Every structure is written in structure tokens, then in C-alpha cells.
Amino acid sequence: MSQPVKTLIAGNWKMNGLKASLGELEQLKALVGAGPLACDIAVCVPFTLVASAATAMAGSPVAIGGQDCHTQTSGAHTGDISAAMLADAGAAFIIVGHSERRADHGETDANVQAKAEAVIAAGLTPIICVGETEAERRAGSALAVVESQLAASVPDSAGTSKIVIAYEPVWAIGTGLTPTRADIAEIHAAIRAQLVARFGDAGAGIAILYGGSMKPGNAAEILGVDDVNGGLVGGASLKAEDFNGIIQAA
Ligand code: PEP
């Protein structure tokens, strides 16, 4: 019998944050206290802040993550960062396949799958992102797009290692728009069904996050949808009070 899935609230700072922004993390640490909490918490900061953020959050329930990594551990890849480097800097999670990377850097499902493998090999947890564009939703192909991305982006090793999935409709990211509860429920149920069909009990235990304009004001409603096991939060993770509002809703 699989265990209930623990909620994860993960922040994605994207390309935001200088050393001074560590103050927001210190504030978050004070707001959430020492735990134990009903949910896990992570903040995926820019590479430059991973080590200092991990040091600052040591001993708190706030884990630190990166936002991308290379598929290789080391080598001649100027400007890239490996999962092993992020692990060494203190990261526990790495986002892979965010729609901004798929769009801005042409990342394919195969790239995302290889990156997720690299994250697992480094002993960290990949947060694997999938989600349809506005045009794909309008065309009625949202479900098919997500199912296809999921099948090709999740590595086989997910059956024996911890992974997290984030469903992020591209048109909801940073726009203030969110899908209806029914639309979120439909996609999350389909993701769960595919994970269970592929990984059995292990698939039933994988956290499926919703991402896209989650705020303190809508978090409780979204987190109440079946098979929504947390959130991947962009804009509202930048301010400790807003992010804590979502954590409290969880
Ligand atoms: C994201 O970038 O992963 C995201 C969900 O952004 P926002 O919360 O700002 O829509």
C-alpha cells in the first residue's frame, strides 16, 4: 500500500535575487519556525546563491534547490553547472524542463529526461516540469501534450528514486491566470494515472505540483484539488510573507 503523498511547496526565483535577497530567506526561516510542518518547503534560487542560501537555511525546514543542470557530471561545457556541483553546494532539488528553458533554450523532452537522470544520479530530487501552451489548450490538445511530455521526460529510474512532477500550464505562468479546478483536476488525474501505470505503487507516491500564478489568495483552493500535492511558485516565492501565505494554506 502506498503512503499518502506529502505536500511540497517549492519556490522558483528564476533569474531574480542578489546576496541581499538572502534576507527574504532569513525572514521565511523565521516565519516557518523549526517545524515539524505539514508540508515540505524548497526554494530554487539562482546558481550564484545556492551555497550561501543552503548555509543560511541549515537547520530549518527550508530546502534549497537549483533551476537547471547539465546532463554530464563534469567536462568541457563552458558556462554550465552539473547536478553534482549543485549537490556539493547544498541543493536538495533541481528543477528540470521548466517551460522557460524549453522555450528559451530549445530543451526537448529527451534533454529533460537526461537532466532528470543526472539529478537522480547526483542523489538529488528532480522537479520535472510539463505543461501546455495557450495555443495547445485552445486546440483541445492540453491533455495529449502533457501526457506526451510526461512519458518522454520522466526517466525509468523514477520507479526507484524520488522525483517530483510539476504541471505548469505555460499560459498561467506569471500571467495571473489560472485554470479552473476541473481543468487542474483532469490533468493531475491523468498524470497520476500515467505514473501509476508506469511505476505502480511508486507512481502513486510521486508528488504532483501545480504551478502557474499560485498566490496566497488562491493556494488553498488549488491545493484542495485531488492529486494536487503542492505548488511550484514563481513570483509569489520572492517575498517571504507571500510564500509563507502559501505554505500556511498548505
Ligand atoms: C514558475 O515559473 O514556475 C511559476 C509558476 O511562476 P508564477 O508563479 O510566477 O506563475
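User: How many of the 250 residues in the chain are buried, as a percentage?

Analyst: A residue is called buried under 20% relative accessible area, exposed over 50%, and partly exposed in between, with a 1.4 Å probe and protein chains only. In this chain, buried residues make up 49% of the 250 residues. Please note that the model is predicted: local features need pLDDT of at least 70, side-chain atom pairs count only at pLDDT 80 or more, and totals for chains, interfaces and linings use all residues. Residues are numbered from 1 along each chain as its sequence is written, and side-chain values use heavy atoms, with hydrogens and water left out.

User: Which helices and strands does the chain have, in number, and why is the chain described as compact?

Analyst: Helices (H or I, at least four residues) and strands (E, at least two) are DSSP runs, numbered from the N terminus. The chain contains 11 helices and eight strands. The radius of gyration is taken over C-alpha atoms, and the globule rule is 2.2 Å times the number of residues to the power 0.38. Here the radius of gyration is 17 Å, close to the 18 Å that the rule gives for 250 residues, so the chain is as compact as a globular protein of that length.

User: Where is E132, and is this residue buried or exposed?

Analyst: E132 stands in the loop between strand 5 (125-130) and helix 6 (134-138). With a relative accessible area of 0%, E132 is buried.

User: What does the side chain of E132 make a polar contact with?

Analyst: A polar contact is a pair of N or O atoms within 3.5 Å; within protein, one must be able to donate a hydrogen and the other to accept it, and residues adjacent in sequence count only if both atoms are side-chain atoms. The side chain of E132 makes such a contact with the side chain of W171, at 3.0 Å. Contact in general means heavy atoms within 4.5 Å. Beyond its neighbours within four places in sequence, E132 is in contact with residues including R137, Y167 and E168.

User: Which polar atoms lie by the oxygen atoms of the ligand?

Analyst: A polar side-chain atom of E168 lies 2.7 Å from a ligand oxygen atom, and a polar side-chain atom of N12 lies 3.5 Å from one. For S213, a polar backbone atom is 2.8 Å from an oxygen atom of the ligand. The protein covers 98% of the 300 Å² of accessible area that the ligand has on its own, by the Shrake-Rupley method with a 1.4 Å probe.
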